[in-house]
Amino acid sequence: MSAEGADGALERTLDREYYQSDEIFRREKERIFYAEWFCVGREEELAVPGAFVVKRVAGESVLVVRKKDGALAAHYNVCRHRGSQLVPDAERGSFTGGIRCPYHSWTYGLDGTLRTAPFLEERDGLARRDLSLHPVGVDCWGGFIFLQLIPDTRTLATQLGAIPERLCRYPLSDLRVARRLAYDVRANWKVILENYNECYHCGPVHPELCRLVPAFKQRGGAELDWERGIPHREGAWTFTLSGTSTRAPFAGLDEDERVRHKGELIYPNFMLSLSAEHAAAFLVWPETPDRTTILTEFLFHPAEMAKPGFDPSDAVDFWDIVNRQDWAICESVQRGMQSRVFQSGYYAPMESASLDIRRYVRDRLG
């Protein structure tokens with residue numbers, strides 16, 4: 001097994017430094033989290049013109065606003081005058097006029113252009129056209145907001161590739177968040193994505209999940225057809241404690257999608273799991289080399305949410321069980337990799353999808 005990729009050999013994971021090094025994490029921030037399109041939430045958070053949210057992406061604070069014309073704009077949350085934050089982190093609300101800095105009252109339009117600077121005019125050296133807020137790229141797909149902190153010519157559509165076509169029958173843009181769960185996971189973000197991308201661990205780690213979806217433990221998940229979707233046990237058709245629901249499946253799904261489960265991993269930070277009547281969206285927020293925040297949003301159709309007695313707990317409680325099992329085993333991996341004897345791990349053949357993270361990171365870091 002010493003020859004990586006040789007016939008009969010297991011391929012190696014990234015070396016331990018990629019999961020522990022502060023320097024590599026710094027490079028990941030610059031070349032991945034800031035350069036790629038990074039999912040930060042739902043458009044419904046910005047329902048009306050003037051609405052804003054502040055999102056923190058790998059240490060950078062970003063202000064996302066809904067402009068008067070209905071389009072979104074995003075700016076670094078930094079005044080061009082003296083660097084004060086325009087809005088405190090974790091804030092959300094609505095601007096009644098412009099974006100006013102709390103320090104010296106420099107005021108910007110929702111599009112980021114400088115409108116006024118008290119007691120200063122062009123003759124004082126104030127060049128408004130050169131003092132707009134620093135822009136952040138913003139785009140949407142399926143009702144999800146994506147940011148690109150180092151804007152370039154690469155579009156969100158390019159990054160998503162074939163995913164929108166594969167999921168075209170799911171009404172993602174129409175769905176709304178019914179419940180959110182936040183987790184603080186003591187593991188590197190890549191450990192979490194690698195775990196999501198394979199089901200070799202499902203048999204040992206997820207007994208409840210495998211009772212619902214026996215295919216997850218058959219031959220270590222070696223023959224899963226994710227493009228078609230994964231079948232549930234006989235009589236079950238969705239990810240709930242019972243495998244069923246009184247909620248109606250999404251209209252427009254094909255025959256397979258009404259009874260099978262689908263999942264997509266959208267690098268660098270978005271995991272999306274799709275059942276016939278709800279979706280679970282996982283937003284992965286890398287904090288340090290060994291700590292990651294995960295926000296799970298549970299999405300349902302507004303028509304079902306409006307019905308008397310709507311209660312998403314059957315899905316949310318089931319997912320919470322599975323999530324906590326995943327995070328616990330990921331933290332175990334992170335602790336084990338700190339051992340002096342660990343240099344790198346190996347991918348079994350049924351973990352071939354997890355090799356993607358190795359290629360993804362190496363392509364961007366060199």
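Reader: How many aromatic pairs does the rule give?

Author: The count comes to 18 aromatic pairs. Rings of Phe, Tyr and Trp (its six-membered ring) pair if their centres lie within 6.5 Å; planes under 30 degrees apart count as stacked, over 60 as edge-to-face and the rest as tilted. Phe-239 and Trp-319 form a tilted pair, because their ring centres are 5.2 Å apart and their planes stand at 45°. The model is a predicted one, in which local features need pLDDT of at least 70 and side-chain atom pairs count only at pLDDT 80 or more, while totals for chains, interfaces and linings use all residues. Residues are numbered from 1 along each chain as its sequence is written, and side-chain values use heavy atoms, with hydrogens and water left out.

Reader: Where in the chain do Phe-239 and Trp-319 lie?

Author: Helices (H or I, at least four residues) and strands (E, at least two) are DSSP runs, numbered from the N terminus. Phe-239 lies in the loop between β13 (230-231) and β14 (260-266), and Trp-319 in helix α9 (residues 313-336), so the pair links distant parts of the chain, 80 residues apart. Both Phe-239 and Trp-319 are buried, that is, under 20% relative accessible area, where exposed is over 50% and partly exposed in between (1.4 Å probe, protein chains only). Phe-239 and Trp-319 also belong to one aromatic cluster, with Tyr-183, Tyr-196, Phe-282, Phe-318 and Trp-327.

Reader: Which charged residues lie over the face of a ring?

Author: A charge sits over a ring if NZ of Lys or CZ of Arg is within 6 Å of the ring centre and within 35 degrees of the ring normal. Arg-42 is placed over the face of Phe-144, at 4.4 Å from the ring centre. Lys-190 is placed over Tyr-19, at 5.3 Å from the ring centre.

Reader: Which residues touch the most other members of the largest nonpolar core?

Author: A nonpolar core is a set of buried Ala, Val, Leu, Ile, Met, Phe, Trp, Tyr and Cys residues joined through side-chain atoms within 4.5 Å. Among the 94 residues of the largest one, Trp-141, Leu-147, Phe-216, Phe-270 and Leu-272 touch the most other members. Another core, of 19 residues, lies apart from it and includes Phe-52, Val-54, Trp-106 and Leu-133.

Reader: Where is Leu-274, and is it buried or exposed?

Author: Leu-274 is in strand β15 and is buried, with a relative accessible area of 0%. Contact means heavy atoms within 4.5 Å. Leaving aside neighbours within four places in sequence, Leu-274 is in contact with residues including Leu-167, Tyr-170 and Arg-260.

Reader: What does Ala-58 touch?

Author: Ala-58, in the loop between β3 (51-57) and β4 (60-66), touches Lys-29, Phe-33, Tyr-34 and Pro-286, not counting residues up to four places away in sequence. Ala-58 is buried, with a relative accessible area of 9%.

Reader: Where is Glu-28, and what is in contact with it?

Author: Glu-28 is found in helix α2 (residues 22-33) and is buried, with a relative accessible area of 0%. Beyond its neighbours within four places in sequence, Glu-28 is in contact with Tyr-18, Phe-33, Trp-189, Lys-190, Val-361 and Leu-365.
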